[in-house]
Amino acid sequence: MDDAFTIQISGNLVKQLADNTNKVKKKTRKPKPKTPQQHPIPPPPPPPPPLPTAATWPPMYLPIPPPSPPEVNAIRSVLEDSERVLEKLQKQEDAMLFEVTQKAKELHEKEFKLPEAKPMPCLTDLTACLDCYKENVKDPLKCSALVKNFADCARTIRQQIRELK
């Protein structure tokens with residue numbers, strides 16, 4: 001293969017280089033005239049359907065003739081009866097509500113009421129024994145009669161409790 005190639009220099013190029021002008025004339029291209037893009041125009045919407053007239057309405061949309069007076073009276077009597085029944089039911093409901101709230105209050109009072117404190121049995125005999133022991137620290141045998149009274153009282157209370165069971 002032959003790597004040799006030749007370059008040809010035109011006279012205009014030599015003159016431009018000699019004049020030190022860097023202006024190189026470029027060929028200007030003529031712009032292509034743009035053709036406007038045509039968008040498809042949507043067809044106009046179809047006209048709305050005509051509104052129905054009284055002549056074209058189906059029979060179910062025709063006005064209902066007013067009921068005759070006997071029918072109106074029957075409807076009114078049924079309505080009055082139902083109103084009376086409703087009033088009775090409301091009265092019964094109010095009475096039942098009052099009764100239930102009263103019973104709830106009673107149960108609440110019974111459930112959360114503190115029981116009455118019962119006095120401790122033989123309390124007088126016990127206090128007498130304790131006082132005697134405080135007075136007679138060095139000679140506790142002086143309190144034997146009081147201790148016997150307290151023991152008898154305790155025994156009778158135990159017997160009473162056994163009989164209740």
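Modeller: A disulfide is taken here as a pair of cysteine sulfur atoms within 2.5 Å. The model is a predicted one, and that cut-off settles the case of Cys-129: its sulfur lies 7.2 Å from the closest cysteine sulfur, that of Cys-143, which is too far for a bond.

The setting is a helical one. The protein contains 4 helices and 0 strands, and along the sequence these follow the pattern α-α-α-α. Of the 165 residues, 4% are buried. The protein exposes about 17400 Å², and carbon and sulfur atoms supply 62% of that area.

A search of the whole structure finds 2 disulfides. One of them joins Cys-122 and Cys-153, whose sulfur atoms are 1.7 Å apart. This pair links distant parts of the chain, 31 residues apart: Cys-122 sits in the loop between α2 (69–112) and α3 (123–135), and Cys-153 in helix α4 (residues 144–164). The torsion about the S-S bond of Cys-122 and Cys-153 is about -90°, so this disulfide is left-handed. Cys-122 has a relative accessibility of 10% and therefore counts as buried.

The other link is between Cys-132 and Cys-143, with their sulfur atoms 1.8 Å apart. Here too distant parts of the chain are linked, 11 residues apart: Cys-132 belongs to helix α3, while Cys-143 lies in the loop between α3 and α4. The value about the S-S bond is -95°, and the link of Cys-132 and Cys-143 is left-handed. Both partners are shielded: Cys-132 is buried at a relative accessible area of 9%, and Cys-143 counts as buried at 0% relative accessibility. Cys-143 is thus bonded to Cys-132, and its sulfur is also the closest cysteine sulfur to that of Cys-129.

With bonded cysteines counted along the chain, the disulfides follow the pattern 1-4, 2-3. In terms of residues, Cys-122 is paired with Cys-153, and Cys-132 with Cys-143.

The structure holds 4 salt bridges, among them one between Asp-139 and Lys-142, with the closest N and O atoms 4.0 Å apart. Asp-139 is partly exposed, with a relative accessible area of 33%, whereas Lys-142 counts as exposed at 57% relative accessibility.

In helix α4, which carries Cys-153, Asp-152 forms a salt bridge with Arg-155, the closest N and O atoms being 2.9 Å apart. Asp-152 and Arg-155 are 3 residues apart in helix α4, so about one helical turn separates them. Asp-152 counts as partly exposed at 30% relative accessibility, and Arg-155 counts as partly exposed at 42%.

The closest N and O atoms of Glu-99 and Lys-103 are 3.8 Å apart. Glu-99 is partly exposed, with a relative accessible area of 45%, and Lys-103 counts as partly exposed at 49% relative accessibility.

Notes. Residues are numbered from 1 along each chain as its sequence is written. This is a predicted model: local features need pLDDT of at least 70, side-chain atom pairs count only at pLDDT 80 or more; totals for chains, interfaces and linings use all residues. Side-chain values use heavy atoms; hydrogens and water are left out. Helices (H or I, at least four residues) and strands (E, at least two) are DSSP runs, numbered from the N terminus. Buried means under 20% relative accessible area, exposed over 50%, partly exposed in between (1.4 Å probe, protein chains only). Accessible areas come from the Shrake-Rupley method with a 1.4 Å probe; for residues, only the protein chains shown count as cover. A salt bridge is a side-chain nitrogen of Lys or Arg within 4 Å of a carboxyl oxygen of Asp or Glu.
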